[in-house]
Amino acid sequence: MLVVASNINVIAAYFQPHTNAVEIIDEIDTLIKQCVNNKPAIIAGDLNCRLDVGNYKTKLVIRTLEEEGFTLMNNPQIPTYAIMEKARSTLH
């Protein structure tokens, strides 16, 4: 989904874990092409590319987005998910 505000483009995305890198890149690329060019863009969401694993999918998606001028802002050392156990949330 693309939201164009008065001074920024925001791409909101969710991809299921089994979505491959090419599908993620193609979908995001389609949204990037719809952005208003004179405004900065932010991609936010869950791409299901695990930074702690560093597999082919993750490396390809990140490299492609960096080539498009985007910068990864979250710290790969800090998990961005929570696991539910016995009705408690625990950040890992």
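I began with the hairpin: β1 and β2 form one, with four residues between them. β1 covers residues 2–4 and runs antiparallel to β2, with three bridges between them. I count two strands as paired if DSSP finds at least two bridges between them. Within this pair, L2 is opposite I11 of β2.

The model is predicted, so I kept its limits in view: local features need pLDDT of at least 70, side-chain atom pairs count only at pLDDT 80 or more, and totals for chains, interfaces and linings use all residues. Residues are numbered from 1 along each chain as its sequence is written, and side-chain values use heavy atoms, with hydrogens and water left out.

Next I followed β2 to its other partner. β2 and β3 are parallel and share six bridges. From β2 the chain passes through helix α1 (residues 21–33) to β3, and this β-α-β crossover is right-handed. By that I mean that, with the strands pointing away from the viewer, the path from the first strand over the helix to the second runs clockwise.

I then checked the two faces of β2. In a regular strand the side chains alternate between the two faces of the sheet. In β2 (residues 9–14), N9, I11 and A13 make up the covered face, while V10, A12 and Y14 make up the uncovered one.

For the whole chain, I noted two helices and five strands, in the order β-β-α-β-α-β-β from the N terminus. Of its 92 residues, 23% are buried. My cut-offs are under 20% relative accessible area for buried, over 50% for exposed and partly exposed in between, with a 1.4 Å probe and protein chains only.

Which residue other than glycine has a positive phi, near 50 degrees? I found N48, which lies in the loop between β3 and α2. N48 is partly exposed, at 23% relative accessible area. Most residues other than glycine have a negative phi.

C35 counts as buried because its relative accessibility is 11%, and C49 is buried at 16%. The disulfide count is zero, taking a disulfide as a pair of cysteine sulfur atoms within 2.5 Å.

Last, I turned to the largest pocket, with a volume of about 860 Å³. It has 28 lining residues, and G45, C49, L51, L72 and N74 are the closest to its centre. A pocket here is an open set of points on a 1 Å grid over the protein atoms alone, where a 1.4 Å probe fits, with protein on both sides within 12 Å along at least five of seven lines; lining residues have an atom within 4 Å of a point. The volume is the space filled by probe spheres set on the points, which are joined across faces, edges and corners. β3 (41–46) and α2 (56–67) each give the lining at least two residues, and β3 gives the most, with six.
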